[in-house]
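Welcome, and thanks for taking a look at this one. Please keep the model open beside the text as you read.

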Amino acid sequence: MQETLENRPLGSSDRPLRVAVIGSGPSGFYAIAALFKADGIEADVDLFDRLPTPFGLVRGGVAPDHQKIKNVIRVYNRTAQHERFRFFGNVELGRDISVDDLRKMGIPGEDLPGVHSATEFVGWYNGHPDFQDRSFDLASARRVAVVGNGNVAMDVTRVLVRDTDELAPTDITAESLEVLRKSAVREVVLLGRRGPAQAAFSPQEIKEIGSLEGSSLLVTQEEMDLDEISSAWLEKGAAPSARRNVTYLTEIAGAEAEAADRLVTCRFLVSPIELVAGDDGRVARVVIEKNELYASDDGSPRPRGTGETETFDVDLVFKAVGYRGVPLPGVPFHERWGILPNDEGRLQTEPDGEVVPGQYVVGWAKRGPTGLIGTNSPDSTATVKKMIEDIDGVTATPDPAKAPERIVELLRDRGVDFVTFDDWNRLDEDEVRLGEARNKVREKYTAVESMMAAVNRLR
Ligand code: NAP
């Protein structure tokens, strides 16, 4: 039989695979890199983001005083140089993220003024356009409670207690730096619902807090007396990082603070059960309940309340209890797990349900909000492997409606002012230039309108 365009395998050079990637965070870029690297596969990739700027949490989440982590952008830029890559920034396919989509603690007082999600605070100081209208009353806050023991809790704590002169040369926004300069915060109390052996923070993150100039990390000896369940957990079950966390915290336990220092106090095995308002209606006190651990069915230590409570004064509360995925219109979503149901990356109608052909999922939307940036590289590659297995040998009549130029026409017809990767590169240079004038690595545009005005000016 004579070979025609119609029966050539999908993914060959004259029948390239056409892939749309929604979201330009690390897992999206790693998936694209895996596609471009796949043996014998040619793929045209269109990457969509609802913001004009790429890189997801690397731009809007990674702490400004952790610039080195942002070096992964170099890898993404190499991917973006591929001739079969296109970026469509400022194109919204999903619904906007909202604070309601963030995980709740489900306790009275959670919505009082002065109680914020860490995600809002992180987005605000990182210049994410969705969070620029938030305000944080740091000028009249002396004691802040941070709920949660993950790396986001570490980031928030560090930004609150670090000397602002050290933050000044980073890409933190000028507005948030001004607010932080006027901060009256003297103490951050970190509240972990489980023990030090179950803390989710990385050893280097807690050590960094312990070695900040002008602040002291405090934990009592008593807090570090491990219960039997934790000791057994450290012996078998716990990750090596858990042992390193316990070793470090044990080393510093009982140390005294310098008089002038800001304090970071670790409290373990406590859950906030109520946030109480003061006369001005703002949060003024937090009621915590002491927990004990029990071994759950899968052997992991879980917390349960003992009934013993304690109350202390606070001026602000940040909830750093994890992220939740947000649904995309028309795409199956598992409400309770906050992920898109999938079988090793193949989208399903429901958990263990039918596979939805041609749709795949990577990153936190695939596995939940776990892991560091680099975790997404093997994870995205695994999904792309499944994708390539699925197209193996598939022949299909090319659909003219899916021709690459149709996307551009469609967006133009709808009046969408999309941002290309070249546009982004000019915006990027402009931000760096604005930063140079202020002796910092970058000054970010923080509103979609100002980003788009600059994109149009620089075109
Ligand atoms: P996370 O690592 O999942 O930590 C969430 C913390 O909140 C855990 O300590 C969890 O305790 C606690 N928690 C959850 N629900 C709670 C509740 N109802 N009451 C009290 N505490 C509660 O999440 P994350 O800090 O948001 O970080 C997300 C991911 O990004 C992580 O993989 C993290 O490592 C990564 N990240 C990395 C960096 C970095 O490398 N510098 C920076 C930021 C984020 P349990 O363990 O008991 O559930």
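## Ground rules

This is a predicted model, in which local features need pLDDT of at least 70 and side-chain atom pairs count only at pLDDT 80 or more, while totals for chains, interfaces and linings use all residues. Residues are numbered from 1 along each chain as its sequence is written, and side-chain values use heavy atoms, with hydrogens and water left out.

## Overall build

The protein chain contains 15 helices and 15 strands; these are DSSP runs numbered from the N terminus, with helices (H or I) of at least four residues and strands (E) of at least two. Along the principal axes, its C-alpha atoms fill a box of roughly 80 × 55 × 35 Å.

Of the 459 residues, 50% count as buried. Here buried means under 20% relative accessible area, exposed means over 50%, and partly exposed lies in between (1.4 Å probe, protein chains only).

## Salt bridges across the chain

Side chains of opposite charge can pair when their charged atoms come close. The structure holds 40 salt bridges, each defined as a side-chain nitrogen of Lys or Arg within 4 Å of a carboxyl oxygen of Asp or Glu.

One of them joins aspartate 46 and arginine 86, at 2.8 Å from N to O. This pair links distant parts of the chain, with aspartate 46 in strand β2 (residues 43–48) and arginine 86 in strand β3 (residues 85–88), 40 residues apart. Aspartate 46 is buried at 3% relative accessible area, whereas arginine 86 is partly exposed at 26%.

Another salt bridge connects arginine 134 with glutamate 120, whose closest N and O atoms are 2.7 Å apart. Because arginine 134 sits in the loop between α4 (118–125) and β5 (143–147) and glutamate 120 in helix α4, the pair ties together parts 14 residues apart in sequence. Arginine 134 is partly exposed, with 22% relative accessible area, while glutamate 120 is buried, with 10%.

## A helix pair and a network

Which residue forms a salt bridge with aspartate 430? The partner is arginine 457, with the closest N and O atoms 3.6 Å apart. Aspartate 430 belongs to helix α14 (residues 421–436) and arginine 457 to helix α15 (residues 448–458), so the bridge ties together parts 27 residues apart in sequence. Aspartate 430 is buried at 3% relative accessible area, and arginine 457 is exposed at 54%. Elsewhere, salt bridges that share partners join Asp65, Asp155, Arg158, Arg162, Glu166, Glu205 and Glu208 into one network.

## A negative patch and a buried threonine

On the surface, Asp343, Glu350, Asp352 and Glu354 gather in a patch of negative charge. Such a patch takes residues with over 30% relative accessible area and no salt bridge, joining like charges within 9 Å. Aspartate 343 lies in strand β13 (residues 342–343) and is partly exposed at 33% relative accessibility.

Finally, threonine 265 is part of strand β8 (residues 262–267) and counts as buried at 16% relative accessibility.

Methods: Patch = residues over 30% accessible without salt bridge, like charges linked within 9 Å, V, L, I, M, F, W, Y side chains within 5 Å. Areas by Shrake-Rupley, 256 points an atom, 1.4 Å probe, with all protein chains shown as cover. Lys, Arg positive; Asp, Glu negative; His and termini not counted. Charge placed at Lys NZ, Arg CZ, Asp CG, Glu CD.
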